[in-house]
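Here is a friendly walk through one protein model. Please keep the sequence and the 3D view open as you read.

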Amino acid sequence: MRRSSSLGRSSIPHYSSASKRSSSTSRSSVGGGGPLRVRNDDNPKVTASSSKTKRSSGYGFSGRPSMDYQKPVSYSDRMSFGQGKTPNKGLRRASHMGVPTTILKDPRKVSDKSFQAICVAKLVEFLTEKGYPHKLSPEILKAPPRKDFFQIFEFLYSMLTPRYRIGKKPEEEIPKIFKELGYPFMISKTAMYALGSPHTWPTILAALVWMVDLIKFGMRVGKSIDSFLFPPNEDEFDTLPESQILFDYVEKTYIAYMEGNDSFEDYDEQLSNHLNQKLYGISGGIENLDEENKRLENELDSLEQEIQESQEKLKKMQEEEVCLKENDEKMNKYLAEMDGYVESLEKNYQNVEKEIETLAADLHNIKASNDEKQLIFESQEFSQEDIEQIKIHRKDMLRQIDDAEARVANVDQEIWSEEMRASKMLETVESSCNEYNDLAQLLKLIPSTAQYACGVDYELSSRHNARDKFTDVVKPALQSLKEQWAEVVHEKSKELMMEKDVYEQCSADCMDLDNELKLKESQLKRLEDDLEYKKQIGQKEFEKQQEEKEGLEKEMSQIKLSSGKTLSEGQKEVRDTQKSVESKMRSMEQDLELYKTFLKKSFSKLIDHKERVEGILETMTQKLEEKLQTVKIETERS
């Protein structure tokens with residue numbers, strides 16, 4: 001009852017007073033004239049609805065059923081999310097009259113593989129947790145068949161609308177259901193016909209995950225609906241809010257009334273007890289409150305004395321703390337001075353040790369060089385054999401020099417050929433660099449301040465560091481630019497598909513408007529035929545009146561001849577007949593003028609409506625042509 005009702009806080013007191021007044025009467029209404037009570041044996045649906053009202057809310061969403069005072073409570077009055085099957089063609093035609101069609105763009109990374117994997121895992125976890133009866137795996141949800149998708153959707157939507165079964169045309173039914181649930185993004189019929197394709201399945205998967213989040217939110221809100229309907233105040237930390245107490249009273253008395261009870265004394269007594277506890281507290285009574293107040297005052301006095309004693313102790317401890325802080329600061333200063341003196345002594349000691357080590361190393365080197373020179377001096381004697389070996393060694397060295405010069409000449413020749421080959425290669429590199437620079441300039445990448453350069457210097461030359469620049473700067477920038485343009489092309493293709501969907505929808509609206517225009521033209525033609533028919537009838541009546549006038553004139557002449565009346569009496573009768581004929585003629589002319597004004601007004605309204613419809617069609621076609629031209633231009637650029 002509480003879950004399915006949408007009673008506001010302002011309406012609860014009035015409703016409770018009305019139910020109190022009606023407890024002693026015949027109870028023909030609740031809250032001012034509404035549902036009549038039906039006995040259980042006459043209509044068993046009443047007891048079923050009263051017992052099932054707490055779980056008939058659809059998890060407490062914004063679309064949950066509400067109890068109306070002017071309507072009897074029954075199970076057939078339950079409202080759910082599946083009410084979108086009523087025909088609404090007239091509303092659909094009126095909703096698109098002159099209103100520009102806008103489609104929201106999904107900010108989620110739907111095409112990202114990691115995002116799709118997260119969505120699949122979330123959907124599999126929820127379905128297995130809730131006991132999905134069919135076969136399920138992450139591989140199936142990567143590109144599911146139509147049958148599996150319809151089974152999953154039917155299982156999820158049955159949690160919002162019990163006993164829901166999918167219809168014969170799910171491709172038209174499912175987008176309508178998502179729209180009624182408040183899904184902010186459009187799902188077209190063409191997407192439902194190509195579920196497993198990589199362009200459409202990610203958007204459908206994101207919609208299913210949004211539906212799962214909606215169900216989870218509804219389940220959480222359904223468990224704690226009282227905290228949302230009756231938020232507690234700051235001064236009501238230990239009692240229920242007054243609105244919740246009155247709502248519980250109204251709920252219980254209404255259920256008892258619908259079950260056939262006429263006395264509500266127990267519920268009135270419970271209500272008075274709850275209100276007394278809320279006003280006077282659980283202990284209740286002024287005397288107990290006075291005793292409690294005295295006890296609390298005594299405790300307050302004792303606490304104030306303890307606070308004074310603790311404040312005096314705190315002052316003494318603060319004074320001792322100040323003295324200790326001063327002593328601590330003095331000791332820290334002395335220790336810092338001693339540490340600086342010790343560090344200076346250590347630095348002097350290390351410098352002296354380094355000087356001693358350097359002097360000892362210099363002394364050792366001098367002694368070793370002296371010993372080597374002494375040995376050379378002592379062994380410096382050449383024999384004849386030594387001189388011959390020196391000559392042979394000299395010849396070998398001259399021969400090696402000649403060979404080395406020949407090798408140098410060969411190397412110089414090879415270097416010259418390599419330089420020629422390098423110069424040719426450099427010319428080809430310069431030509432390719434020039435072609436690349438021209439192409440980059442056409443693509444607006446050169447200079448670095450160009451439109452698509454983004455501060456990167458894409459220009460290449462045949463300098464010595466051109467290769468490093470190409471590998472470190474130009475190539476990564478071109479790859480990132482290629483990836484960006486690939487993403488832009490992908491997004492533009494998506495936008496093209498969305499624009500095609502919008503074009504299909506607008507073309508359907510145009511067809512509806514054409515049908516309506518044809519209907520109005522047929523009505524106009526029918527009105528013209530009616531006007532022509534009425535003109536013919538008026539002409540016939542006029543001719544008939546003329547014939548009657550001529551017959552009357554003949555009768556008058558015959559009467560003059562046959563009767564012996566005087567001339568004055570005959571003239572009087574003629575005048576009377578002429579007056580009656582003229583009055584009839586005037587009335588007929590007035591009727592004819594009324595018909596003409598009515599037809600003129602109807603023609604002007606029809607012409608205005610036709611011009612307005614044609615103007616709307618022209619603006620819509622111009623907008624569609626402009627969008628298609630922009631999409632074509634962007635696709636050609638990409």
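Is tyrosine 157 buried or exposed? Tyrosine 157 is buried, because its relative accessible area is 0% (buried means under 20% relative accessible area, exposed over 50% and partly exposed in between, with a 1.4 Å probe and protein chains only). The model is a predicted one, in which local features need pLDDT of at least 70 and side-chain atom pairs count only at pLDDT 80 or more, while totals for chains, interfaces and linings use all residues. Residues are numbered from 1 along each chain as its sequence is written, and side-chain values use heavy atoms, with hydrogens and water left out.

**Overall picture**

- The protein has 16 helices and zero strands (DSSP runs numbered from the N terminus; helices are H or I of at least four residues, strands E of at least two).
- Of its 638 residues, 24% count as buried.
- Among contacts between residues at least 6 apart in sequence, 66% join residues at least 24 apart (contact means heavy atoms within 4.5 Å).

**Aromatic pairs**

- The whole structure holds ten aromatic pairs (rings of Phe, Tyr and Trp, the last by its six-membered ring, pair if their centres lie within 6.5 Å; planes under 30 degrees apart are stacked, over 60 edge-to-face and the rest tilted).
- Phenylalanine 153 and phenylalanine 178 make a tilted pair, at 5.6 Å centre to centre and 45° between the planes.
- Phenylalanine 153 sits in helix H6 (residues 146-160) and phenylalanine 178 in helix H7 (residues 170-181), so their pair ties together parts that are 25 residues apart in sequence.
- Both phenylalanine 153 and phenylalanine 178 are buried.
- Tyrosine 157 pairs edge-to-face with tyrosine 164, at 4.7 Å centre to centre and 85° between the planes.
- Tyrosine 164 is buried too, with a relative accessible area of 6%.
- A cluster linked by ring pairs takes in Phe153, Tyr157, Tyr164, Phe178, Tyr183, Phe185 and Trp210.

**Nonpolar cores**

- In the largest nonpolar core there are 40 residues, and Phe149, Phe153, Leu156 and Met211 have the most contacts inside it (a core is a set of buried Ala, Val, Leu, Ile, Met, Phe, Trp, Tyr and Cys residues joined through side-chain atoms within 4.5 Å).
- Helix H4 (113-129), H6, H7 and helix H9 (201-223) are the elements that give two or more residues to this core.
- H9 provides the largest share of this core, twelve residues.
- Not counting residues up to four places away in sequence, leucine 156 touches Leu123, Phe126, Leu127, Leu208, Met211, Val212 and Ile215.

**Valine 209**

- Valine 209 has its place in helix H9 and counts as buried at 7% relative accessibility.
- Leaving aside residues up to four places away in sequence, valine 209 touches Cys119 and Lys122.
- The C-alpha atoms of valine 209 and cysteine 119 are separated by 6.3 Å, although the two residues are 90 residues apart along the chain.

**Second largest pocket**

- This pocket has a volume of about 1,000 Å³ (on a 1 Å grid over the protein atoms alone, a pocket is an open set of points where a 1.4 Å probe fits, with protein on both sides within 12 Å along at least five of seven lines; lining residues have an atom within 4 Å of a point).
- Its lining has 36 residues, of which Asp106, Thr203, Lys494, Glu495 and Met498 are the closest to the centre.
- H15 gives the most to the lining of the second largest pocket, ten residues.

Note on methods: Points joined across faces, edges and corners; volume = space filled by probe spheres on them.
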